[in-house]
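Here are some notes for a first look through this model. Please keep the structure open as you read.

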Amino acid sequence: MSSQQPEARQVAAVVVLAAGGGTRMKSNTSKLLHQVAGHSMLSYAVNAAEEVEPEHLVVVVGHKREQVLQHLSEIAPNVTTAVQEEQKGTGHAVQCGLQGLGELRGEILVTYGDVPMLTGQTLVELVTEHRTKDNHITVLTAEVPEPFGYGRIIREGDQIAKIVEQKDATEAEAAVTEINSGIYIFNAETLYEGLKHLKTDNAQGELYLTDVISTARGNNERVGAHMIDDLWQTEGVNDRVQLARMNEEMNRRIVEKWMRNGVTVQDPRTTWIEQGVDIAQDVTILSGTHLEGATSIATGAVIGPDTTLTDVEVGEDATVIRSHGSLSVIGAGATVGPFSFLRPGTELGAKGKIGAFVETKNAQIGDGSKVPHLTYCGDARIGEGVNVGAGTIFANYDGTNKSVTHLGDNVFIGSNSVLVAPVDIADGAFVAAGSALVEDVPAGAMAVARGRQAVKEGWVASKRPASKAAASAAQANPEIHPDVAASREKMANRKPEDYK
């Protein structure tokens, strides 16, 4: 909650219009649920509306309302919803939104669900302007160089005389560059009176909310404007092209904010940071990095290049290179990557290491422990100072159940071992390279779980006498087999084509 003045808050109601079809998105998902910087467009509208502390927060739903209602139950379960069965215009949508609320007193603010860059701060300023100027209606407006498609603000002195939609505008009216954002605050009595007089005598045959302004002016009520410089706050999203532009602009602002807060971003154009990410000063973010969800990064950490972290906590001075992680914790001074995959439940201790081509899942790895390369480490509890050799597999799944492997402090696992869970390897134990371990290992013991090596002298000369291997072996040791000398002479006389 921001620290705005109390008089700029506590409106009677905010009505968020969110019933439109969104057909230009060409999507099976409601337009309002498409995301900007990691959050649905509708969530931005609800969050902004909450800044003016309405007694009633109403979202008017219609198209794909089952999806929208489900989403609202997750992000804002306390909002009120109203259904606009048929989309008969903005005035009709507001009528639907106000049904069931009784006769409200005070102010009613109307906004949209597809204007994700509109801020709560702007709505607070709109309320303040409305009250300061003693307006009956105040419209949020902006000057745009290309106003085609927008409703035009037609002024009369310091007041608004009317708002004209594009299809109904004369040539002179169409040349006006001050546009209607579609966001208003009304005195409740003025809104109720205006809604009673709405008619469909316009190019689209709809009930325009803008016609409430004409009614108010006819009753000598004051209609003012609150113009903002940030045009993006008035921008809606109607198709995928606009969605991409909105994401690009939102990301530009987020990245710039973090740079101004002391974060080094090597290449802002290829760095994507979602709303909700937290980054400390003196963090370095290299190119191609995506930071998503509730990721937090402590001071001195270096992230990237080519790294994606979702809901990951990164400690001070840690390094994450060319890796992907989600729902994981990386301790202070730890190193991850390159080409590591940290799945949910991974916890890497301070100064630990998860190295190249390592996949971890539900693995708690203690301080100073290393899983350096070419390893799958799933369902593991690893103590401090452990070294896991290259190519080790934590075999956690038997086809039905998943089990846990425990490694004590200062355990050493030789390369190319398989640890068949459930198995416990106690403090200070060693496992020989190439072992397939199925039993527990006591503290300080050495476990060897592999077949004994057998060496058959002279096998190559006996079984492959005409091979290149036999020739090489004969050069190294002519006495390894009685036939070696003859074989070497034969091989020396061969031509290259003989090997084809």
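In which strand does Asn362 lie? The model is predicted, and the points below should be read with that in mind.

1. **Asn362.** Asn362 lies in strand E25, which covers residues 353–365. Its backbone deserves a look. Phi of Asn362 is positive, at about 50 degrees, although the residue is not a glycine. Most residues other than glycine have a negative phi. Asn362 counts as partly exposed because its relative accessible area is 23%, and the buried class stops under 20%.

2. **Asp134.** A positive phi turns up here too. For Asp134 the value is near 55 degrees, again in a residue other than glycine. Asp134 sits in the loop between helix H4 (120–132) and E7. Is Asp134 buried or exposed? Its relative accessibility is 60%, so Asp134 counts as exposed; the cut-off is over 50%.

3. **Cis peptide bonds.** Most peptide bonds are trans. Two bonds to proline deserve a check here. Gly337 and Pro338 are joined by a cis peptide bond, with omega about 5 degrees. Pro338 belongs to the loop between strand E22 (335–336) and strand E23 (341–342). The bond from Ala421 to Pro422 is also cis, with omega near 0 degrees. Pro422 is placed in the loop between strand E31 (418–420) and strand E32 (423–425).

4. **The nonpolar cores.** How many residues does the largest nonpolar core have? It has 65. Leu42, Val59, Leu98, Ile108, Leu191 and Leu209 have the most contacts inside it. Strand E1 (residues 13–18) gives the largest share of this core, 6 residues. A second, separate core has 56 residues, including Met25, Trp258, Val263 and Cys377. As a general point, nonpolar side chains tend to be buried together in soluble globular proteins.

5. **H3 against H6.** Helix H3 spans residues 90–98 and helix H6 spans residues 188–196. Their axes come within 11 Å and cross at roughly 125 degrees. H3 and H6 are therefore oblique to each other. The crossing of H3 past H6 is left-handed. From H3, the residues Gly91, Val94, Gln95 and Leu98 meet Leu191, Tyr192 and Leu195 of H6. By class, this contact has 5 nonpolar and 2 polar residues, and no charged ones.

6. **Leu98.** Leu98 is one of the H3 residues in that contact. Setting aside residues up to four places away in sequence, Leu98 touches Val15, Leu104, Ile108, Leu191, Tyr192 and Leu195.

7. **What covers H6.** Which residues of H6 are buried? They are Ala188, Thr190, Leu191, Tyr192, Gly194 and Leu195. Their cover includes H3 and H7. Strands E6 (107–112), E7 (137–143) and E10 (178–187) are also part of that cover.

8. Thr210 is in the loop between H6 and H7. Thr210 counts as buried because its relative accessibility is 5%. Leaving out residues up to four places away in sequence, Thr210 touches Ile163, Glu165, Asn180 and Tyr184. Ser214 lies in helix H7, residues 211–218. Ser214 is partly exposed, with a relative accessible area of 40%. How far apart in space are Ser214 and Gln453? Their C-alpha atoms are 96 Å apart, and the two are 239 residues apart in sequence.

Terms used: Residues are numbered from 1 along each chain as its sequence is written. This is a predicted model: local features need pLDDT of at least 70, side-chain atom pairs count only at pLDDT 80 or more; totals for chains, interfaces and linings use all residues. Side-chain values use heavy atoms; hydrogens and water are left out. Helices (H or I, at least four residues) and strands (E, at least two) are DSSP runs, numbered from the N terminus. Buried means under 20% relative accessible area, exposed over 50%, partly exposed in between (1.4 Å probe, protein chains only). A nonpolar core is a set of buried Ala, Val, Leu, Ile, Met, Phe, Trp, Tyr and Cys residues joined through side-chain atoms within 4.5 Å. Contact means heavy atoms within 4.5 Å. Axes are lines fitted to C-alpha atoms, for helices over the stretch in contact, and angles run from 0 to 180 degrees between N-to-C directions. Angles under 35 degrees count as roughly parallel, over 145 as roughly antiparallel, 65 to 115 as roughly perpendicular and the rest as oblique. A crossing is left-handed if the near helix is turned anticlockwise from the far one by less than a right angle, and right-handed if clockwise. Ala, Val, Leu, Ile, Met, Phe, Trp, Tyr, Cys and Pro count as nonpolar, Asp, Glu, Lys and Arg as charged, and the others, Gly among them, as polar.
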